[in-house]
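Have a look at the sequence and the structure first.

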Amino acid sequence: MELVNYSSSLWSVVPPLLALLLAIVTRRVILSLSIGIIVGSLMLTDFSLVNALSYLKQNVSSLFYGEEGLNDNNVNILLFLLLLGILTALLSVSGSNQAFAKWAQKRIKERRGAKLLAACLVFVTFIDDYFHSLAVGAIASPVTDKFKVSRAKLAYILDSTAAPMCVLMPISSWGAYIITLIAGLLATYAITDYSPMGAFMTMSAMNFYAIFSILMVFFVAYFSFDIGSMAKHEQLALQQTEDNSQEEVDLNGSVRNLVLPIAVLIFATVAMMLYTGNQALAADGKPFDVLGAFENTTVGISLVVGGLSAVAVSTLCIVLDRQVGISEYAKSWVVGMKSMAGAIFILLFAWTINAVVKDVNTGTYLSSLVSGNLPIALLPALLFVLSAVMAFSTGTSWGTFGIMLPIAAAIAANAAPELIIPCLSAVMAGAVCGDHCSPISDTTILSSTGAKCNHIDHVTTQLPYAMLIAVASIVGYLVVGFTQSGVFGFVATGVALAALVLLFKKR
């Protein structure tokens with residue numbers, strides 16, 4: 001079937017923009033995504049209903065089974081969601097969540113400590129953003145609930161530490177992917193001043209949005225800097241938890257029954273990532289190394305193995321303690337899988353509209369806006385904004401990396417070679433920014449899932465923080481463009497963000 005080409009047309013932004021606006025206005029995510037998918041399908045098939053239905057059928061089926069066979073990655077991500085739901089239910093039915101909350105309450109005396117605990121866990125789970133959002137949500141939610149922290153605040157902490165930390169770390173699924181792209185770009189433009197790893201680390205140091213997003217999380221957690229609708233959610237959480245605090249039931253659970261499954265989840269996932277990465281290296285005749293393994297790993301199957309291992313260990317703990325009957329144990333599996341149904345449906349619709357957005361060439365059209373006679377000093381800031389818009393529209397950081405990094409390298413190599421690293425850094429930062437703000441981003445969806453927060457509540461409460469950091473980052477990239485100094489850009493970003501925080505704090 002031949003599709004209509006919108007690569008050079010403003011119409012290419014209609015499907016994602018329509019879905020995003022409807023989601024924010026109606027707060028009905030699946031309905032909004034459905035309308036965006038239908039409109040995009042009709043546009044691509046020249047408004048032929050029969051062809052649109054055929055295109056949709058092919059699009060949806062390809063989520064599970066494509067030309068190369070089973071779509072392992074998508075299927076494994078969905079399986080991991082179900083396994084994590086089951087694990088969460090088992091931790092709850094065994095009383096280990098409540099036991100951990102009680103243990104933490106003895107050591108953490110206030111809400112500030114609970115929020116800082118959730119934020120600090122990113123230094124353990126930075127291997128992958130999916131893994132971080134869901135695993136830390138399971139670990140931290142009983143503690144944040146106990147200390148009257150809203151689910152919206154927990155979702156913000158999860159989301160604003162997930163992608164930013166992953167994009168900064170070379171030993172992560174994100175870092176390995178970006179280093180691979182950088183290696184190709186350095187070879188293409190015969191740049192010998194940097195190795196791929198050296199270029200990545202230099203780019204990370206100038207990824208102002210990611211760095212200050214993490215710093216902002218700790219600032220918000222410590223000082224309770226609640227702006228926009230976040231303040232309302234925090235007030236409601238205080239009232240609701242106080243009203244329900246007398247209804248707790250002591251299940252005599254054990255902290256061990258939470259720590260062991262989560263530890264096994266982390267260890268098994270990382271071990272499997274290294275194993276699958278090593279298999280890929282061996283198939284290409286390459287020796288094992290950690291970075292190479294992460295670069296070639298299969299994230300989906302690694303998450304499933306980690307999830308299965310954690311469920312097995314949780315089951316063993318329950319059997320040894322003999323606190324849960326067979327019928328109650330079986331019921332927890334059903335409850336756990338049902339708890340993930342909403343997230344799975346949203347994720348399926350998000351994947352579908354992402355495919356539509358790709359076919360309608362939204363990314364190609366947006367990237368074409370960079371071309372032309374632009375002032376050289378403005379390049380980093382403009383690339384940051386364009387990458388943010390693209391990631392927001394498409395819901396994918398990785399897709400934005402794939403499109404925008406080569407474009408940024410080509411422009412800088414020809415117009416301003418001295419700005420090639422700042423330009424690549426600006427693309428990385430903008431992609432993470434747009435990903436944070438987008439309701440159709442995988443990480444945004446899974447962060448709200450991990451925190452058990454209403455998805456649109458998470459989007460609307462996180463957006464003001466993301467915008468503050470984005471504005472400050474633009475200032476930083478403008479300074480970098482004019483001074484060619486990453487240090488000056490970092491300082492300018494920090495000063496601009498501090499000024500914005502003070503302004504909002506006074507209001």
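Leaving aside its neighbours within four places in sequence, which residues is asparagine 354 in contact with? They are Thr394, Gly395, Ile440 and Asp442, where contact means heavy atoms within 4.5 Å.

Some ground rules first. This is a predicted model, in which local features need pLDDT of at least 70 and side-chain atom pairs count only at pLDDT 80 or more, while totals for chains, interfaces and linings use all residues. Residues are numbered from 1 along each chain as its sequence is written, and side-chain values use heavy atoms, with hydrogens and water left out.

pLDDT is the predictor's confidence in each residue, from 0 to 100. The chain averages 84, and 94% of the residues score at least 70. Confidence is highest in helix α11 (residues 208–223), with a mean of 95, and lowest in helix α18 (residues 362–368), at 70. Helices here are DSSP runs (H or I, at least four residues), numbered from the N terminus. Over residues 241–250, pLDDT stays under 50, and the model has seven contacts there beyond four places in sequence. Where pLDDT is low, the predicted coordinates should not be read in detail.

**The pocket and the cavity**

Rolling a probe the size of a water molecule over the atoms shows where empty space is left. On a 1 Å grid over the protein atoms alone, a cavity is a set of points where a 1.4 Å probe fits but cannot get out, whereas a pocket is an open set with protein on both sides within 12 Å along at least five of seven lines; lining residues have an atom within 4 Å of a point. Grid points are joined across faces, edges and corners, and a volume is the space filled by probe spheres set on the points.

| Space | Volume | Largest share of the lining |
|---|---|---|
| Largest pocket | about 1400 Å³ | α17 (residues 341–359), six residues |
| Largest cavity | about 30 Å³ | α23, four residues |

Back to asparagine 354: it lies in helix α17. Along with Asn74, Trp351, Ala355 and Lys358, Asn354 lies nearest the centre of the largest pocket, which is lined by 43 residues. That lining has 15 nonpolar, 20 polar and eight charged residues. (Ala, Val, Leu, Ile, Met, Phe, Trp, Tyr, Cys and Pro count as nonpolar, Asp, Glu, Lys and Arg as charged, and the others, Gly among them, as polar.) Asparagine 354 counts as buried because its relative accessibility is 17%; buried means under 20% relative accessible area, exposed over 50%, and partly exposed in between (1.4 Å probe, protein chains only). Its C-alpha atom is 8.9 Å from that of isoleucine 37, although the two are 317 residues apart along the chain.

Now for the cavity. The lining of the largest cavity includes Tyr156, Ser160, Ser213 and His436. Two or more lining residues come from each of α8 (151–168), α11 and α23 (455–483). By class, the cavity lining has five nonpolar, four polar and no charged residues. Serine 213 sits in helix α11 and is buried, at 1% relative accessible area. Beyond four places in sequence, serine 213 is in contact with Ser160, Pro164, His436 and Ile469.

**A loop to look at**

Most residues other than glycine have a negative phi, and most peptide bonds are trans. Aspartate 46, in the loop between α2 (29–44) and α3 (49–62), has a positive phi near 55°. Phenylalanine 47 is found in the loop between α2 and α3, and its phi is positive too, near 60°. Aspartate 46 is exposed, at 59% relative accessible area, and phenylalanine 47 counts as exposed at 56%.
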